[in-house]
Amino acid sequence: MGFRLMMYLAVILLGALIGARVKIGEKLSGRLGSIQTACLLLLLMVMGIKIGMDSEVISSFFSIGYSALVISVFTVGFSILGVKLVSGYVTGGRK
Amino acid sequence: MTGKILGAVAAGVALGFFLLPGWVLDYTDLIIDIGLMLLLFFVGIDIGMNRSVFGRIRNMGLKIILLPFMIIVGSILGAALAGALLGMPFNESGAVGAGLGWYTLSSILMANYSNELSTLAFIANVVREMMAFIIIPLVAKKIGFLGAIAPAGATAMDTGLPIISRATDSETAILAFITGAICTFSVPIIVPLILNL
């Protein structure tokens with residue numbers, strides 16, 4: 001995982017370096033946003049394909065899906081609540 | 001955005017389940033890795049174009065650690081409460097929540113304890129990741145930018161990051177990466193810890 005983390009960090013830093021050095025106009029910036037959204041939706045579709053093709057995941061989902069869903073909803077809900085409780089303190093009152 | 005994300009994931013699951021041949025699965029990981037790198041590169045460009053965020057984040061200091069801490073505490077407590085409703089022991093449901101969306105590792109960590117719990121950890125964390133993708137834009141809009149980091153948990157540093165970046169701003173994207181990294185490093189420690197309580 002350490003290697004992956006470093007790889008992600010390196011890619012983000014490379015992008016940040018380019019973003020900081022190269023002057024990107026408003027038009028190109030808007031186009032980059034659209035490309036980013038298209039890539040994101042494609043990535044999510046491929047992740048969906050991976051899940052849809054995994055017969056073990058699909059069959060397990062039908063047998064223990066209810067428990068998994070209840071745990072996930074509570075996990076997500078309480079983690080949002082936890083962050084909400086401290087967000088004002090972390091940002092010093094800003095959004 | 002939430003509708004588009006839901007549509008993309010649902011279309012993918014339907015395509016994978018009903019239409020695509022088995023060999024496609026050999027390439028999905030590679031496509032996901034390439035797509036993710038490209039998206040993280042775009043996140044980097046956004047950050048580079050808004051350099052003032054670094055000063056603001058420096059001002060927050062160590063308070064940033066509260067974000068992953070509250071995500072971990074909230075996830076474990078939420079899962080424990082759900083477990084109580086489902087009639088599960090605290091240590092088992094809490095450990096499932098402590099997976100923080102990292103489904104592969106959390107299920108491996110529980111494999112020696114119980115096969116059934118390992119499968120539940122896998123599915124629950126897959127569902128958490130998918131749920132995170134869908135609700136992040138909604139949480140960003142209705143609850144706040146920092147709240148949008150929470151559903152992603154450990155995935156806030158990789159697969160969840162591009163969505164958080166699109167739904168929020170550069171400052172939140174950096175905080176999400178730091179939060180996701182801390183959550184990721186916490187999973188192998190807290191899952192066995194909770195499981196053995």
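Let me begin with a term: a residue is called buried under 20% relative accessible area, exposed over 50%, and partly exposed in between, using a 1.4 Å probe and protein chains only.

Hello everyone! A word on the ground rules. This is a predicted model, in which local features need pLDDT of at least 70 and side-chain atom pairs count only at pLDDT 80 or more, while totals for chains, interfaces and linings use all residues. Residues are numbered from 1 along each chain as its sequence is written, chains are lettered from A and ligands numbered from 1 in the order in which they are written, and side-chain values use heavy atoms, with hydrogens and water left out.

Let's start where the two chains meet. Contact here means heavy atoms within 4.5 Å. Chain B brings 90 residues to the contact and chain A brings 66 residues. Buried area is the accessible area, with a 1.4 Å probe, that two parts lose on being put together, summed over both. For chain B and chain A that comes to about 7,100 Å², and 84% of it is on carbon and sulfur atoms.

What about polar contacts? I count a pair of N or O atoms within 3.5 Å; within protein, one must be able to donate a hydrogen and the other to accept it, and residues adjacent in sequence count only if both atoms are side-chain atoms. Across the interface of chain B and chain A, nine residue pairs are in polar contact, both residues at pLDDT 80 or more. On the side of chain B that touches chain A, the elements giving two or more residues include helix H1 (2-19), helix H2 (25-49) and helix H9 (170-195) of chain B. These helices are DSSP runs of H or I with at least four residues, while strands are runs of E with at least two, and both are numbered from the N terminus. H2(B) gives the most to that side, with 21 residues. By class, the side of chain B that touches chain A has 62 nonpolar, 16 polar and twelve charged residues. In this scheme Ala, Val, Leu, Ile, Met, Phe, Trp, Tyr, Cys and Pro are nonpolar, Asp, Glu, Lys and Arg are charged, and the others, Gly among them, are polar.

Back to our opening residue. Side chains of opposite charge can pair when their charged atoms come close. The rule for a salt bridge asks for a side-chain nitrogen of Lys or Arg within 4 Å of a carboxyl oxygen of Asp or Glu. How many salt bridges are there over all chains? The count is one. This pair crosses between chains, from Lys50(A) in helix H2 (residues 26-53) of chain A to Asp29(B) in helix H2 of chain B. The side chains of Lys50(A) and Asp29(B) meet at 2.8 Å, N to O. Asp29(B) is partly exposed too, at 43%.

Is Val24(B) buried or exposed? At 16% relative accessibility, Val24(B) is buried. Leaving out residues up to four places away in sequence, Val24(B) touches Ile49(A) and Met53(A).

Now the rings. Rings of Phe, Tyr and Trp (its six-membered ring) pair if their centres lie within 6.5 Å; planes under 30 degrees apart are stacked, over 60 edge-to-face, and the rest tilted. Over all chains there are five aromatic pairs. Trp23(B) and Tyr27(B) form an edge-to-face pair, because their planes stand at 80°, with ring centres 6.2 Å apart. Trp23(B) is exposed at 55%, and Tyr27(B) is partly exposed at 46%. Phe41(B) and Phe42(B) have ring centres 6.3 Å apart and planes at 50°, so this pair is tilted. Phe41(B) is partly exposed at 21%, whereas Phe42(B) is buried at 8%.

Most residues other than glycine have a negative phi, and most peptide bonds are trans. Leu100(B) has a positive phi of about 50° although it is not a glycine. Leu100(B) sits in the loop between H5 and helix H6 (103-110) of chain B, and is buried at 0%. Thr168(B) lies in the loop between H8 and H9 of chain B and is buried at 14%. Its side chain reaches the backbone oxygen of Ile164(B) at 2.6 Å.
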